[in-house]
Amino acid sequence: MKLIYDLSYEDINQWVLDQGLKSYRSKQIYQWLYQKRALDFEQMSDLSKDLVALLKEQFIIDPLKLVKRQQSKDGTVKCLYKLLDGSLVETVLMVYDYGNSVCVTSQVGCNMGCTFCASGLLKKDRDLSSGELVAQVMAIQHELDATQERVSHVVVMGSGEPFDNYDNVMRFMKTINHDNGLAIGARHITVSTCGIVPKINQFSKEHTQFNLAVSLHAPNDELRSQLMPINKAYPLKDLMASLKAYSEENNRRLTFEYILLKDVNDQDIHVQQLSKLIKGMNAYVNLIPYNVVDEHGYKQVGFVQAMKFYDKLMKSGVKCTLRQEHGSDIDAACGQLRAKTEGKL
Ligand code: SAH
């Protein structure tokens, strides 16, 4: 049995043709799945009985079982889902004034080993398929349907390194962006990477409208290698060259994520180095308050100090924002996502 969400629009079309059916059937199936949000093939009332039977025989629609749901004071919802093989993934809904943003998990565990992040405490077990990513968005959309709202934004910023699961993540983004499906605008979909340069180069060449965010977190190689082992493979010189090429080739604004870690990367020297690194690029820095992960020992920078860092960076000619955290009271903020039961139930 296959997951039907794993199929792109083109794949469904091919499947329909392979069954000797007319091509318009694929549009109908896609609309049933993503616009009418059917969870059972039996609901697809304008398909023939035979086609419904065939679909039921070959495909599953929803692979997620809700295990736990938590809601934060600020409206953030975190859902823990069990996949068909028992793996656990967390998905977060953040409610903003501009819309509803879903943060999806791209891998079970993560191998990147960033020293501040909770997700990497569990080594990668496996990649998620594109359909398992789609299913996370659909599950939240099903919740929102109760109040006639829609998922307007998606960020691939949950557990896992999306560019270590490149093909599935790209297929996922194209599926939720498709006009006959959820039609979430490409400019409302963001993928965040810790900096896997060959994949950034590949992404660059695809010329999509999806947003790219890069977790920087340190403005020099020594510190960045301490915080993020990936920097040893792809140091800043290579990373920045690849990002400049991306920016020029795609004419898109980049986001750099920078967690403020007390006494680690929050000093004046870091403002200066950061400014030297980024000034002149079509980019802005998103300063992120650190969410404490007990095992790691880093400390959060206080609001006043964070504002000072922000001011100095702005004055040095780098555009930046200071992110407001969502859902920290339910461990749903960045870096706090983790299946607390060792990844399996
Ligand atoms: N692997 C990808 C996407 C997942 S992490 C990446 O590295 O970009 C999403 C963002 O949350 C990254 O910027 C990551 O560095 C940040 N993050 C991780 N742990 C955090 C923590 N404890 N507090 C705040 N942000 C954190």
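How far is an oxygen atom of the ligand from an N or O atom in the side chain of S215? The distance is 2.6 Å.

This is a predicted model: local features need pLDDT of at least 70, side-chain atom pairs count only at pLDDT 80 or more, and totals for chains, interfaces and linings use all residues. Residues are numbered from 1 along each chain as its sequence is written, and side-chain values use heavy atoms, without hydrogens and water.

**Ligand contacts**

| Residue | Protein atom | Ligand atom | Distance |
|---|---|---|---|
| S215 | side-chain N or O | oxygen | 2.6 Å |
| H217 | side-chain N or O | oxygen | 2.5 Å |
| N291 | backbone N or O | nitrogen | 2.9 Å |

Taken alone, the ligand exposes 530 Å² (Shrake-Rupley method, 1.4 Å probe); the protein buries 96% of that. Strands β10 (189-193), β12 (254-260) and β13 (283-289) each give two or more residues to the shell. Strands here are DSSP runs of E, at least two residues; helices are runs of H or I, at least four.

In total, 21 residues surround the ligand, each with a heavy atom within 4 Å of it. E161 and S192 are among the closest. By class, the shell has 11 nonpolar, eight polar and two charged residues. Gly counts as polar; Asp, Glu, Lys and Arg count as charged.

**Helix α11**

Helix α11 covers residues 303-315. A306, F309 and L313 are its buried residues, with under 20% relative accessible area. They sit on the same side of α11, because their arc around the axis is only 60°. The arc uses directions from the helix axis to the C-beta atoms. On the other side, F303, V304 and K315 are exposed, at over 50%.

Key: A polar contact is a pair of N or O atoms within 3.5 Å; within protein, one must be able to donate a hydrogen and the other to accept it, and residues adjacent in sequence count only if both atoms are side-chain atoms. The expected span of a helix is 1.5 Å times one less than its number of residues. Buried means under 20% relative accessible area, exposed over 50%, partly exposed in between (1.4 Å probe, protein chains only).
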